[in-house]
Amino acid sequence: MPTKAALAHIPGPPALPVIGHTLQIVRDSYGTQQDYIARYGSVYKTNMLGVWRVNLCGAEAMERVLLDRENLFSSEGGWDALKRIYPGGLLLQDFDHHRANRRIMQAAFRASAIRDYRLRMTDAMGELLDSWPADAPFDFYKAIKDLTLRLGGAVFMGLPLDGALAKQVNRAIQDEIRASLAVIRWPIPGTPMWRGVRGRDFLRETFRQMIPERRATGGDDFFSQMCLARDEEGRGWDEDQILDQFNLLIMAAHDTTATALSVMIEALASHPDWQDRLINEVAGLGDGPLDGEALATMTQTNNVFREALRLVPPVPFIPRQATRDFTWKGYDIPAGTSLALNPGVTMLSPKHFSNPTTFDPDRYAPGRTEDKSHKFAWTPFGGGAHKCIGMHFSTLQVKLFIATLLRSYRVELAGPAPEWQRMPIPKPKGGLPITLHRL
Ligand code: HEM
């Protein structure tokens with residue numbers, strides 16, 4: 001990793017000893033980034049807890065780094081903090097090795113598998129939504145995280161919705177995620193990292209035992225599909241590879257869709273005109289099955305989803321590490337440098353989006369298509385080799401949820417609109433209290 005001296009020529013704000021710029025960035029991540037861009041330009045350095053990082057801002061930088069035609073930018077090095085809990089997942093792999101594994105993973109995302117997940121999800125979602133209260137306030141953020149986690153047990157692992165094992169598994173997944181965000185990176189007994197490592201070991205042992213049966217019988221859940229997954233040449237994974245890849249997959253799927261749905265629900269409750277548009281769109285589907293054809297007609301819902309992802313992206317920054325020296329915008333950047341891309345701030349740039357802080361899903365409609373102003377202007381799912389493999393699945397999950405909810409209910413905020421924390425992962429400060437009213 002390059003020293004401060006090796007990055008002396010890169011501009012940046014003065015840093016406090018040890019903590020560097022951590023406090024400002026955690027307190028107001030977007031405001032701080034926007035301020036640094038205004039003061040130092042689109043390439044500047046910051047220090048988070050002693051680690052120097054060069055920020056490469058804007059859509060052009062995203063294109064260069066994410067398309068990475070020269071195998072220069074390592075995702076494994078960038079996401080190093082995830083390594084202890086999630087070694088060997090796609091995000092922790094690079095270049096040819098990553099491409100080979102991604103081709104195998106792709107088998108679990110083919111159209112027929114997605115159709116099976118949809119069928120499994122539709123019933124489970126209806127059952128879980130029925131357990132929510134009507135005409136009484138509750139915290140939507142907490143409820144949707146719980147719903148997606150329980151749904152995950154069924155759709156990702158093929159476990160009964162509320163079985164004892166599903167509960168243990170879900171607890172272990174949450175421990176792993178808390179560990180991946182923890183400041184203390186060593187598994188000292190009693191710390192989140194220690195619980196996370198225990199959770200990882202529990203999940204590995206539990207799922208290892210299931211592999212022989214799932215390989216023999218298959219199943220309409222992600223884990224079974226990954227046990228059977230093969231690339232075009234018939235290559236699949238051994239047990240350890242399945243466990244590593246599956247573990248990262250459930251982490252990547254966990255909070256992201258729940259966050260997007262929370263932003264959507266807050267926006268619909270705050271913009272009754274948009275809620276009416278979506279209620280009408282859902283009513284237009286009739287009482288028939290929510291199949292692929294029906295969901296494909298939900299274009300207004302899709303635009304609200306896109307707008308929610310732009311305003312509060314679940315993954316607001318993307319880390320990489322330079323594997324060799326390179327030059328960007330006239331700056332020489334040495335091998336080993338930690339790099340940060342900032343899709344969150346780019347998606348709020350007036351260069352690409354008119355009135356960028358305003359909720360305006362019509363900006364994606366034909367005739368405006370602001371997201372196309374640059375290939376990398378709208379990038380909540382990243383881009384290039386590591387672009388989110390779950391993008392279509394999460395769109396499906398969001399449409400199914402909105403259709404199931406708005407067939408029966410109207411949503412109202414049960415308190416002031418929350419402020420959103422951006423770091424380390426976005427969440428509404430103080431929750432998202434809402435009330436559901438029967439239509
Ligand atoms: C709204 C929901 C989601 C958002 C915003 C999102 C965002 C992202 C982003 C930005 C990346 C790229 C990170 C990078 O390049 O460093 C990514 C990768 C990934 N996502 Fe998602 N994600 C979502 C849902 C999901 C779901 C539901 C799944 C699984 C079913 C999933 C699985 C993955 C995996 C496995 C990767 C790593 C891909 C690779 O390295 O090749 N994501 N996601």
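Helices (H or I, at least four residues) and strands (E, at least two) are DSSP runs, numbered from the N terminus. The model described here is a predicted one, so local features need pLDDT of at least 70 and side-chain atom pairs count only at pLDDT 80 or more, while totals for chains, interfaces and linings use all residues. Residues are numbered from 1 along each chain as its sequence is written, and side-chain values use heavy atoms, with hydrogens and water left out.

A handy place to start is Asn170, which sits in helix H8 (residues 164-180). With a relative accessibility of 8%, Asn170 counts as buried; here buried means under 20% relative accessible area, exposed means over 50%, and partly exposed is in between (1.4 Å probe, protein chains only). Setting aside neighbours within four places in sequence, Asn170 is in contact with Leu149 and Arg150, contact being heavy atoms within 4.5 Å.

Next comes the ligand. It is surrounded by 27 residues, and the closest are His98, Arg102, Arg320, His386 and Cys388; a residue is taken as near a molecule or strand if one of its heavy atoms lies within 4 Å of it. Helix H5 (95-105), H11, strand S5 (318-322) and H16 each supply at least two residues of this shell, and H11 gives the most, with five residues. The iron atom of the ligand has a single donor from the protein, the SG atom of Cys388, at 2.3 Å. Donors are N, O and S atoms within 2.8 Å of the metal (3.2 Å for Na, K and Ca), and since water is not among the atoms, sites may look incomplete. As for where Cys388 is found, it belongs to the loop between helix H15 (343-346) and helix H16 (391-406). For Arg102, an N or O atom of the side chain is 2.7 Å from an oxygen atom of the ligand.

Then there are the charged pairs. The structure holds 32 salt bridges, each being a side-chain nitrogen of Lys or Arg within 4 Å of a carboxyl oxygen of Asp or Glu. In one of them, the side chains of Asp244 and Arg204 meet at 2.6 Å, N to O. This pair links distant parts of the chain, with Asp244 in helix H11 (residues 239-270) and Arg204 in helix H9 (residues 192-217), 40 residues apart. Both Asp244 and Arg204 are buried. Arg208 and Glu239 form another salt bridge, their closest N and O atoms being 3.3 Å apart. Because Arg208 lies in helix H9 and Glu239 in helix H11, the pair ties together parts that are 31 residues apart in sequence. Arg208 counts as partly exposed at 23% relative accessibility, and Glu239 counts as partly exposed at 28%. Glu233 pairs with Arg235 in a salt bridge too, with the closest N and O atoms 2.6 Å apart; Glu233 is exposed, at 54% relative accessible area, while Arg235, at 45%, counts as partly exposed. Salt bridges that share partners join Arg204, Glu205, Arg208, Glu239, Asp240 and Asp244 into one network.

Finally, the nonpolar interior. A nonpolar core is a set of buried Ala, Val, Leu, Ile, Met, Phe, Trp, Tyr and Cys residues joined through side-chain atoms within 4.5 Å. Of the 110 residues in the largest core, Trp132, Phe222, Phe246, Phe393, Phe401 and Ile402 touch the most other members. H11 provides the largest share of this core, 16 residues.

Conventions
A polar contact is a pair of N or O atoms within 3.5 Å; within protein, one must be able to donate a hydrogen and the other to accept it, and residues adjacent in sequence count only if both atoms are side-chain atoms.
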